[in-house]
Amino acid sequence: MAARMKFICDTERCIDCNGCVTACKNEHELPWGINRRRVVTINDGIPGERSVSVACMHCTDAPCLAVCPTNCIYHTEDGIVLHSKDQCIGCGYCYYACPFGAPQFPETGIFNHRGKMDKCTFCAGGPEPDTSEAEFKKYGRNRIAEGKLPACAEMCGTKALLGGEANQIADIYRQRVETRGYGPELWGWKIAYGRPKRGGEIKAKGDLPRTNQLVGDVQNDPGRFPQ
């Protein structure tokens, strides 16, 4: 099953305001010590500094789902990765498997014993009935069932954080980067977005050579950025 609901964070727009983090905590009334979303700064204090908002990326082939011994993690029809707190045993396998550090475990005991796992739900709740009181107590508000965007994406002041149907937000990001003038020059651009600047079809399937990728392509070459 191919995931359809995705997040994209535009690092050119993110200003490290942490508005997405605050919106998430307020919307779902998260306990102290749990942050479903966080902002990471790269190259802090030096030229080229960038900030990126990170949470569960709702992977198509989710490693957390693969390692969970109780099968409490599952995909919805929209490709959102959710979990059942009733089945979670707090083993922490998902925490170590996730490359984004999305699963969170409250450490409230004297010896910091793990509680039930908590993570970003894409504001889609959990296995309980949609918009029910039980669902809210365990997973927070179900904005997807209400026909709304995730709170973090909706509250982003610079619209750096986009959340929604993968093809739609990819189109938005593509238009932004092409407007900046260096989209087609980015390494991997033609493969990721399917529009090689020299025309033709994308020839990248499985482990075969990516014949539409130029040998000299580099990613984020400062010399190619607009002044």
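This is a predicted model: local features need pLDDT of at least 70, side-chain atom pairs count only at pLDDT 80 or more; totals for chains, interfaces and linings use all residues.
Q: What about the fold, which pattern does the protein follow along the sequence?
A: The order is β-α-β-β-α-β-β-α-α-α-β-α-α, with 7 helices and 6 strands. Of the contacts with a separation of 6 or more, 51% are between residues 24 or more positions apart.

Q: Which strand does β1 join, and how do the two run?
A: Strand β1 (residues 5-9) is joined to β6 by 5 bridges, and the two run antiparallel. One of the bridge pairs is Ile8 with Leu162 in β6.

Q: Switching to Arg36. Where does it lie?
A: Arg36 is in the loop between α1 (19-28) and β2 (38-42).

Q: Buried or exposed, and why?
A: Arg36 counts as buried because its relative accessibility is 3%, and the cut-off for buried is under 20%.

Q: What does the Arg36 side chain make a polar contact with?
A: The side chain of Asp118, at 2.7 Å. A polar atom of the Arg36 side chain also lies 3.3 Å from the backbone oxygen of Lys119.

Q: Which other residues does Arg36 touch?
A: Leaving out residues up to four places away in sequence, Arg36 touches a set including Cys24, His28, Val54, Cys120, Thr121 and Tyr139.

Note on methods. Residues are numbered from 1 along each chain as its sequence is written. Side-chain values use heavy atoms; hydrogens and water are left out. Helices (H or I, at least four residues) and strands (E, at least two) are DSSP runs, numbered from the N terminus. Buried means under 20% relative accessible area, exposed over 50%, partly exposed in between (1.4 Å probe, protein chains only). A polar contact is a pair of N or O atoms within 3.5 Å; within protein, one must be able to donate a hydrogen and the other to accept it, and residues adjacent in sequence count only if both atoms are side-chain atoms. Contact means heavy atoms within 4.5 Å. Two strands pair if DSSP finds at least two bridges between them.
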